[in-house]
Amino acid sequence: MTQPEIRLAALCDHALVGQDGKLSMLGIFRNISVSQLPAQHPRMYLVAVLELDPGAHSVVVRLLKPDGGAAMSEAPRIAVHAVPGQDVNVIVELNNLGFTTFGMHRFDLEVDGSTIGSLPVAISQITASPPARPN
């Protein structure tokens, strides 16, 4: 049995797998700027391409605050089936995700109960631009 491996992981505005099996992502990002807290992000997708041993696996996505505490009440759980010689595409749609603290959050990816990697996302405050000076 080999260790599960993350081949690719990203947050984006939209993701899908076409009929040909190709993964498409739009609007890849790592930072979310908000004017105040608490804040909600209307929609994002977490995408991971995983190399897994053939067979059934359980994938869990946990969002952690900068202090390590849980930021989602219920972590999404996805059942996947790996086929020999093919990577597994995991796409998790996250709607109205709430943030209560600024700083570097992280999505931990667990496969069969073990964390195999993390995907950071920075929550920062929008700073007001100073007024333009007349010439």
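Leu 8 stands opposite Val 49 in β4. This pair belongs to a predicted model, in which local features need pLDDT of at least 70, side-chain atom pairs count only at pLDDT 80 or more, and totals for chains, interfaces and linings use all residues. Residues are numbered from 1 along each chain as its sequence is written, and side-chain values use heavy atoms, with hydrogens and water left out.

Strand β1 (residues 5-17) runs antiparallel to β4, and seven bridges join the two. Two strands are taken as paired if DSSP finds at least two bridges between them. β4 also pairs with β7 in the antiparallel sense, over eleven bridges. Here Tyr 45 stands opposite Glu 93 in β7. In general, strands of a sheet pair through backbone hydrogen bonds, either parallel or antiparallel.

The protein chain has zero helices and nine strands. Both kinds of element are DSSP runs numbered from the N terminus: helices are H or I of at least four residues, strands are E of at least two. From the N terminus on, the order is β-β-β-β-β-β-β-β-β. The C-alpha trace spans about 65 × 35 × 20 Å along its principal axes.

An open sheet of five strands has the order β3-β9-β8-β5-β6, with mixed pairing. β3 and β6 stand at its edges with a single partner strand each, so one side of each lacks a neighbour in the sheet. Neighbouring strands of this sheet are turned by 25° against each other on average, direction ignored. The axes are lines fitted to C-alpha atoms (for helices over the stretch in contact), and angles run from 0 to 180 degrees between N-to-C directions. β5 and β6 run antiparallel and are joined by six bridges. Gly 55 has Ala 82 in β6 as its bridge partner.

Buried residues make up 35% of the 135 residues in the protein chain. Buried means under 20% relative accessible area, exposed over 50%, and partly exposed in between (1.4 Å probe, protein chains only). The largest nonpolar core has 29 residues, and Met 44, Leu 46 and Phe 107 have the most contacts inside it. β3 (31-34), β4 (39-51), β5 (55-64), β6 (77-82), β7 (88-99), β8 (103-111) and β9 (114-125) each supply at least two residues of this core. The largest share, six residues, comes from β7. Such a core is a set of buried Ala, Val, Leu, Ile, Met, Phe, Trp, Tyr and Cys residues joined through side-chain atoms within 4.5 Å.

Phe 107 is found in strand β8. Phe 107 counts as buried because its relative accessibility is 0%. Leaving aside neighbours within four places in sequence, its contacts include Leu 11, Met 44, Leu 46 and Leu 119. The C-alpha atoms of Phe 107 and Leu 119 are separated by 5.0 Å, although the two residues lie twelve apart along the chain.

Asp 108 is also placed in strand β8. Its relative accessibility is 8%, so Asp 108 counts as buried. The side chain of Asp 108 makes a polar contact with the side chain of Ser 118 (2.5 Å). A polar contact is a pair of N or O atoms within 3.5 Å; within protein, one must be able to donate a hydrogen and the other to accept it, and residues adjacent in sequence count only if both atoms are side-chain atoms.

Definitions and conventions
Contact = heavy atoms within 4.5 Å.
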